[in-house]
Amino acid sequence: MELELIEEGKTTLWVPIHDSTATFPPGSAPIFYNPRMALNRDATVIVAACTEPRTYLDAMGASGIRGCRVGYETGTTVTINDRDPDATTLIKKNIDHLGIDASATCRDANALMSEEPFDFVDLDPFGTPAPFIDAGIRSSVRMIGITATDTAPLCGAHLKAGIRRYMARPMNTDYHAEVGLRILLGYAARMTARYDRGIIPQFCFAHEHFVRLHLKLARGTQAADQTLAQMGYIYQCTGCPYRTEGSGFFPEPKVCPHCGKQLNTIGPLWTGAIQDPEFLSVMNERLPGSGISSPDELGKILTCCMQEPVISFSYDYHKLAKAYRVSPGPIAGVLESLQNMGYSASRVHYSGYCIKTNAPLETLRDCLTAQ
Ligand SMILES: C[S@@+](CC[C@H](N)C(=O)[O-])C[C@H]1O[C@@H](n2cnc3c(N)ncnc32)[C@H](O)[C@@H]1O
Ligand SMILES: [Zn+2]
């Protein structure tokens, strides 16, 4: 296997040379390395720097880049695992190259996580993390990071696969990235509550082809009950832009107050906060001088996340304008009008075209048509 030395953040690392003519990197090399996930790893490095875990497990290491970056850029003691022996050999080479406090293991991730506790457990599998979340939670003492790249099942494009993996019904909406994020969060919440533990989302975001969660785990029945109290559903009309949300485990049949159609049920999913605003500002303060690869891009996401109100859905501005047959003016004007009326209104981190607001649909429509 031919290797090349690359740099990501402050870390240099050996990775397999990829066929530049291949359309998607994973198919072109025996050990996975995707430079497009640099932002995802940047976020992990900053989260680890802010939470100072005693031990960190990169459960699916591949080249080991995630764990190596956490080890090298934050000084954390790391374990980097992969069940593929060739990947483990490369991980060892990278650990030696960086001289970090790290060990490499070649285990099935679920077996390893069932046996050993780690302060911060990180799951970064191919596609869905669903088969690893249970063992990941059992292994985690305090923090868990979860990446999902199966956005088609999560967001409703592959409905049956989504239901099978997450025991929830997604739907392909104009805010599908948020649906995917909340379905995954809801799944993690239910898996965690079984152990009398709860989740406290620190920084969760959807970007390009992935969803990434960083969760603090809390102990005790109260934490578990508080977690489950944040489960619920989104109810989406298929006849008009109306949408709403409700709490509880059992969906209620609802009819659209605007057009009279039966509302579609999305969930069960997490309807609580997907961020801890204080944690986000601590992260934000760390960005300058952190040496990560995309400080500006991550900074933009953090700033937007801090402004988003705790609402489970958003509206695609252009689709709304089309539905109401108006030519859309600047989004900023609509946001300002809504805020002037006392409503929460913001852009969203996962799309440049969506508005999140607690204003009723008719108010939103009036603001749009008044532009
Ligand atoms: C998406 S890659 C990991 C990427 C890496 N974390 C990064 O940031 O570049 C997934 C890796 O998980 C490994 N893997 C898949 N199933 C596994 C399992 N059950 N236990 C341990 N490793 C597994 C694969 O060999 C592969 O190297
Ligand atoms: Zn309707």
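**Figure 1. Strand β10 and its partners.** In β10, Leu215 is the bridge partner of Pro201. The model is predicted: local features need pLDDT of at least 70, side-chain atom pairs count only at pLDDT 80 or more, and totals for chains, interfaces and linings use all residues. Residues are numbered from 1 along each chain as its sequence is written, chains are lettered from A and ligands numbered from 1 in the order in which they are written, and side-chain values use heavy atoms, with hydrogens and water left out. Helices (H or I, at least four residues) and strands (E, at least two) are DSSP runs, numbered from the N terminus. Two strands pair if DSSP finds at least two bridges between them. β8 pairs with β10 in the antiparallel sense, over 5 bridges. Strand β7 (residues 140-148) also runs antiparallel to β10, joined by 6 bridges. There, Thr147 stands opposite Arg212. Of the 10 residues of β10, 8 are buried, so β10 is largely enclosed by the rest of the structure. Buried means under 20% relative accessible area, exposed over 50%, and partly exposed in between (1.4 Å probe, protein chains only).

**Figure 2. The hairpin of β9 and β10.** β9 and β10 form a hairpin with 2 residues between them. The two strands run antiparallel and are joined by 3 bridges. Ala206 has Val211 of β10 as its bridge partner. Glu208 is found in the loop between β9 (205-207) and β10 (210-219). Its phi is near 45 degrees, a positive value in a residue other than glycine. Most residues other than glycine have a negative phi, and most peptide bonds are trans. Glu208 counts as exposed, at 55% relative accessibility.

Figure 3. Asp196 lies in the loop between α8 (176-193) and β8 (197-201). Phi of Asp196 is near 55 degrees, a positive value in a residue other than glycine. With a relative accessible area of 42%, Asp196 is partly exposed.

Figure 4. Cys237 and Cys256 link distant parts of the chain, 19 residues apart. Cys237 is in the loop between β11 (231-236) and β12 (243-247), and Cys256 is in the loop between β12 and β13 (264-270). Both Cys237 and Cys256 are buried; for Cys237 the relative accessibility is 4%.

**Figure 5. The cysteines in the record.** An unreviewed UniProt entry lists Cys237, Cys240, Cys256 and Cys259 under "binding site". UniProt positions are given in the numbering used here, feature names are shortened, and annotations may be inferred rather than shown by experiment. These residues span 23 residues in sequence, yet no two of their C-alpha atoms are more than 8.6 Å apart, so they gather at one spot.

Figure 6. Gly267 and Pro268 are joined by a cis peptide bond, with omega about 10 degrees. Pro268 is found in strand β13.

**Figure 7. Parallel partners of β3.** Strand β3 (residues 55-58) pairs with strand β4 (residues 77-81) in the parallel sense, over 4 bridges. Thr55 stands opposite Thr77 in β4. β3 also runs parallel to strand β6 (residues 118-123), joined by 3 bridges. Asp122 in β6 is the bridge partner of Asp58.

**Figure 8. A sheet of 3 strands.** This open sheet has the order β14-β16-β15, with antiparallel pairing. β14 (315-316) and β15 (345-348) stand at the edges, each with a single partner strand, so one side of each is left without a neighbour in the sheet. β14 and strand β16 (residues 351-357) run antiparallel, joined by 2 bridges. Asp316 stands opposite Cys354 in β16.
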